[in-house]
Amino acid sequence: MSNTGTYAGDVTPQTAWDALVSTPQARLIDVRTQPEWSFVGIPDLSPIGKKVILASWQVYPNMAVDADFVGNVKAQLGEAAGPLYFLCRSGARSRAAAIAMTEVGLGPCFNISGGFEGDKDAGSHRGRANGWKVADLPWVQD
């Protein structure tokens, strides 16, 4: 895995999905917490024969950045090299994670804007404005 230099930027959930479908080396890394994965759901990559990498950027409940995040992601990636797409609830944690992974030489690393649940709407509710779920991309819930 070679250093690509600069963080690659934000992409829409649909753009990320299209890349995951068309690029065999592309990987999706969900950086939310265990409670979010359990209670809100996770992207379902089984229709394209892939699995999402689950690696929390911040550890619940104190929400401190996980000092082992880089090592955890690298361990799950193995020898895979290719575009990495990072996802969180709304796009903030995943942007930080994508930048951090770029800084250690992985990538290109992209942030999925809007995240899994999306930004809040005028009523302060998520899941209506944008994001993976609103884009009607595959996901599952326990």
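D136 is found in the loop between β8 and β9 (139-140), where helices (H or I, at least four residues) and strands (E, at least two) are DSSP runs, numbered from the N terminus. Although D136 is not a glycine, its phi is positive, at about 60°. D136 is exposed, with a relative accessible area of 69%; buried means under 20% relative accessible area, exposed over 50%, and partly exposed in between (1.4 Å probe, protein chains only). The model is predicted: local features need pLDDT of at least 70, side-chain atom pairs count only at pLDDT 80 or more, and totals for chains, interfaces and linings use all residues. Residues are numbered from 1 along each chain as its sequence is written, and side-chain values use heavy atoms, with hydrogens and water left out.

A positive phi of about 60° is also found at M63, again not a glycine. M63 is placed in the loop between β5 and β6 and counts as partly exposed, at 28% relative accessibility. The loop between β5 (58-59) and β6 (64-65) also holds P61. The peptide bond from Y60 to P61 is cis, with omega near 10°. Another cis peptide bond joins G107 and P108, where omega is about 15°. P108 belongs to the loop between α4 and β8.

Five strands form an open sheet in the order β1-β8-β7-β2-β4, with parallel pairing; two strands pair if DSSP finds at least two bridges between them. The edges are taken by β1 (9-11) and β4 (53-54), each with a single partner strand, so one side of each is left without a neighbour in the sheet. In general, strands of a sheet pair through backbone hydrogen bonds, either parallel or antiparallel.

Helix α1 (residues 13-22) lies across β1, β2 (27-30), β7 (84-87) and β8, and runs at about 90° to β1.

Not counting residues up to four places away in sequence, I53 touches R27, L28, I29, D30, Q76 and L77. The C-alpha atoms of I53 and N111 are 14 Å apart, and the two residues are separated by 58 residues along the chain.

Which residue holds the cysteine sulfur closest to that of C88? It is C109, whose sulfur is 14 Å away, too far for a bond. A disulfide is, in general, a covalent bond between the sulfur atoms of two cysteines; here it is taken as a pair of cysteine sulfur atoms within 2.5 Å. The structure holds 0 disulfides. C88 counts as buried, at 1% relative accessibility, and C109 is buried, with a relative accessible area of 0%.

Key. Contact = heavy atoms within 4.5 Å. Axes fitted to C-alpha atoms, helices over the stretch in contact; angles between N-to-C directions.
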